[in-house]
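Have the sequence and the 3D view open while you read.

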Amino acid sequence: MEILLGGILLGGTYALIAMGLQLQYGVARIMNLANGEVLVAGSFGALWLFTGAQINPILAIVLLAPAAYILNYFIYLIFLRPLVRRAKSEGQLEVDSILSTFGISFIFIGLLHAIFGGEYFNYEYLEIPFEIFGQAYGVNRIIAFVGAAILAALLYIWLTHTRSGLRLRAVSVTPSSARLVGIDVERTSAMAFALGGAVTAAGGSLISMFDTFDASIGVVFTMKALIIVILGGVKEIRGTIVAAFILGFAETAVATLIDPGLTLAAAFLLFILVLLFRPQGLFGRQSS
Amino acid sequence: MTRTEIRNFLITIVLFALAALIPLSDSGFWLSMGITIATYMVLSTSWALFSGPTHYISLATGAFYGIGMFTVGVGIELLPYWVLVVVAAVIGAVVAALVGLATLRLSGVYFVIFTLGLAELIRQIVTWVQTTMGSSSGLYVLTNITEPIIFWELLILGIIVYFIGWWINRSRLGFALRIIGNDEVVAVHSGINTAAAKIILFVVSGTVATIVGALLAPRLSYIESSIAFSPMLSFIVVITALLGGAQRLWGPIVGVIPFMLVWDFLTATFPNQTTLMLGICFLLVVYAIPNGFAGLIEKYSHRLRGRT
Amino acid sequence: MAARSALSVKNATKNFGGLIAVNQMSFDIEEHEVLGLIGPNGSGKTTMMNLISGALRISSGHIQLFGHVISGQSASQISRLGVARTFQLVRMLNSMTVLENVEAGGVFGHRKLWGGSLQMQAVEMLEKVGMGDAVYSPISALTYIDQKRVELARALMSDPRLLLLDEWLAGLNPSELQIGIDLVNSLREEGRTIIVVEHVMDAIRSLCDRCVVMNSGYKIAEGTPAEVLADEEVIRAYLGDDHA
Amino acid sequence: MKTFLNSKKLMLSVAAAAFTAVGVFGGDAAAQQTIKMGMSAPKTGPLAGGATVTHWPNVKLWVHDVNSRGGLKLKNGRAKVEVIEYDDRTNPGEAIKNINRLATQDKVDFILAPFGTGFNLATAPIFNKLGYPQLAVSAITDKIPTLTKRYDNIFFMLGSTSTFTGSVVKILKKMRSDGKIGNRVAMVNVADAFGIELAAAARPVFKEAGFEIVYDKSYPLGAKDLSPIVKGAKASNPDAFVAWSYPPDTFALTAQARINKLDVKAYYTAVATPFPSFKGKFKDAAEGILGAGGINPDTPELKAYFKRHKEVTGKDADYWASAVTYASFEVLGQAIEGVGSIDRKAVTEYIKQHEFKTVIGPVKFVNQNSERFWTVGQWQGNKFYGVSSEGRPGARPVIDKPDWK
């Protein structure tokens, strides 16, 4: 029970980290190495709003997500669209986007460092225990989980029940056929990328309630997000969410039952095994 | 050997000989700059041996480098340093072979992410073992190996890597890899054991990275897993190699030298905004020089030749 | 038995998940024979070729090459035993010269040439397919038929005991088609054992000793070109039920 | 060949540009004497968070303090101090290069020590070869005797791994003999060099002192969820909780300990516990938490130091390495004044021979090691007081940690 609940809460955190990248990578085909920095920027934004204007991190999303959307939209237009256009193959785009987003991540770190400085940041919000089945969990973690659930549900409903969501899924599955049925792949990709950024920043805001962060820590999130997205099979947000929870369970179980020192090792082992035996991800469909 | 090959061979010898003189000048700065450049030159070149022809982007360099460092760190009290370098190389080769065997099925981005995950897995396991087995103190590598020696070691390793690369390019193996890189389906139908070819190259590349880690361990004196297994190292190797051009043996080096010099210039000029400036330069390069410096140089040399 | 059996396919079956692309196929080719593998689009011809060359792994049944079981072996192993092929959609090694493209076929497969003899042989093959003056051209400079010729030269480099031509004549204009047919004919006259997958009926009539007709993964007819093309079931398969 | 020559030329121009670009900090009048100092520490990367609290602000403060009283007194008049700063990006190779650059390109007169054990050790051969004194502050190692034998110019100020762990055990022993706690200790550590080394050193000492280590686990650097480890520690029903932790996890562990009501009378987390942001986050809940370091913040010198630190840098100093870092600069400054010139060899000798008056009290090196340092501190009220020290007076008695609220 303890593992189950702990796993669920951690899985929620992981879902917050990874959902945005799924949209960017799964739909817009950009392996965004600056994803973690966007998340950290979201955390800084929440910190700034919380300490400066007493806006709580949940409400802060209302401001941060649209800002991140606009910012990421422009990042896509200015930096990534030229790469998409000049890429002759998917492999070429992959290499170019790795290089480019790596550079962008440095710019993010540099800017955050220039604005906020290099020290560790955290603040206290709702760090009060809440007992479930005799075990205490931080309310802020529970809120983050609920936030993840709401975000995931909204995304899912939007993807499955709206026209623009449908377009996104079409581009995700096969960009070439999506083009044939009159979908503007470029615009849809830009939207997916921007939306991914917004989701990531929202995640950063929620995570900042209980995490200690500094300007350089983004790469930790990027790695985690990449792993989860790949585990989940890249193309489907559902896969990403399930993968986030599987990882959460796996880590909590290993930490509780075996040794906390092996949690990350277990996560990577799981990841590597999945890659070896189901390279299309746990939930991806086998391509012929 | 053709005439161009002889010419290139001579140029290489002269360049290495000139580089070998750096420690004799009294400038410690250029020596440490030289070590940085030599380190990445060897790492990027050996990376490109595998990744250039196969187009597999490996982010496992840091894993091998870390294995090399830790081998030396753990064993320095027990065995002579030179033996440890050999032991490290053997461990690196074995790990590379195992990884190669396991990853044959993966292609494209899965391989990229796999290697990234692998580096982290190895690091986690190594640190966990270190914690649980409880070495009584940290990993100290206190030797009398000074910077000039490390630099020369790296240069020698560099020459070996170049020689291996040159030899592979001329051999059936190199030809096989070029075919694999172009079209793996054609490769298998031409009778190429693509798995074996890839594993051999991955082993070469991984072993070299392990040796580099082992050679550099005395320079750090104190081995920390977060530094030995830095994922940043893997990324920078990829980036310098791509920046130079991974298709040519000499490509990575023309990427490494300007990259490190510019980076260093930024470090010195904008000590508070190094990272920001680096990011900006990085983007400039990606957008302005899409085919790497090697592509750029070849384009201009073709033009020059075209004119005369 | 007059001639040795070069290839023997027994109950070969291939399914992709629930879809059975090749179903219980059995046929034989004798040495020096040219066999046509024909059938409507989607009937499983290319899948059959892929099973022989090892590009796909057989689900059940087995395939023998000169008495050796090759089903279950990898494409590279099969290639070393002397099976060479061309592809439905031409596959060039784009970053290499024409010469290197051809050489690729002669180094690792049935024949293992290197150095001067490799180059000599590759030039010879290029001349044979009529590409003797394009030895050092880049691939990008070639027309479609020239690429097909280069691909054929590559396949011939290994001196294959069995050559698989997958729609090698498809997409050629009438004059190119004639060149192509003549070329395959010259191979036939050399006494090569060849399986051709083709839609061009003229080519089948003039090239093939015998035909195997496939529909929906099954073999529906086998015989001389004239026989199978007169077969009712074959006509139905090609033209639909109304025409039977 | 041609490219090589070009790049060589480029190198030179790069160096020249770097030289002119950085040499413009302090002096207004060209005629005025200046002493050039160099500093390389992380501004970015994993260690930047720590260095930004204890390292960088103190350089700024010290330069400000020295220059506002007219500079350092040399034989031939006063000399203002200017500092050239480089970011090592938490990369030892970069740190070595920076030190080399400072010495051979910028030709600085003195180099302030880098941040972190690994970085001080990696650069020690360079400091030694170039003959610069190295006053290592944020470097804690058991190899001090070996290192000082190898390098006659390195000085240590924060103590060794074994005194570091030993004094924690001493505190717990005291609490046990006072009947405050029992024998059961839960110990966790971050699985990185520092944490591993401390845990390895602590294990035998705890056992020797008759403590029972009822929970002994590590967690990976960068683990996102530390609640299982706190729950595990709690389930082992300990009397004392000791974590050899790094900054982000010091916070995360404490947050989890509070949520899970890990109520022990002795609760210890290592690095970052004395950070002002620790108190900022946990407020009253920080009361009674033990941590690495500590000082006696109520001495007039330190009171003034804290005030100046806030005024000049805009930030609060921490209660451990900040003041020691500042003191290391004071030692260097006083040694330069004592010698009256920038003769590095003489300055190094001077540091070895003399006692210095600093904000943390008198500092004297015995075999290049300052044997007076604080080892354990505790949040009591709004300040983090040293409760255990080697040779420093003013240690406060340890209080029991109240239960989490």
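Here is a short briefing on one chain's fold and on how the chains touch.

This is a predicted model, so to speak of local features a pLDDT of at least 70 is needed, side-chain atom pairs count only at pLDDT 80 or more, and totals for chains, interfaces and linings use all residues. Residues are numbered from 1 along each chain as its sequence is written, while chains are lettered from A and ligands numbered from 1 in the order in which they are written.

**Chain A on its own**

- Chain A has 11 helices and two strands; these are DSSP runs numbered from the N terminus, with helices being H or I of at least four residues and strands being E of at least two.
- Along the principal axes, the C-alpha atoms of chain A fill a box of roughly 55 × 45 × 35 Å.
- In chain A, 62% of the 288 residues count as buried, meaning that 20 or more other C-beta atoms, placed from the backbone, lie within 10 Å of the residue's own.
- Take the contacts in chain A with a separation of 6 or more: 76% of them link residues 24 or more positions apart. Two residues are in contact if their C-beta atoms, placed from the backbone, lie within 7 Å.

**Where B meets A**

- Here 34 residues of chain B are in contact with 36 residues of chain A.
- H5(B) gives the largest share of chain B's side, 14 residues.
- That side of chain B divides into 24 nonpolar, eight polar and two charged residues. Nonpolar covers Ala, Val, Leu, Ile, Met, Phe, Trp, Tyr, Cys and Pro, charged covers Asp, Glu, Lys and Arg, and the others, Gly among them, are polar.

**Where D meets B**

- Five pairs of chains are in contact, and chains B and D share the most contacts.
- At this meeting point, 50 residues of chain D are in contact with 44 residues of chain B.
- The largest share of chain D's side, 10 residues, comes from H1(D).
- Chain D's side divides into 27 nonpolar, 11 polar and 12 charged residues.

**A pair that stays apart**

- Chain C and chain D do not touch, and their nearest C-alpha atoms are 26 Å apart.

Definitions and conventions: A residue is buried if 20 or more other C-beta atoms lie within 10 Å of its own, exposed if 12 or fewer, and partly exposed in between; C-beta atoms are placed from the backbone.
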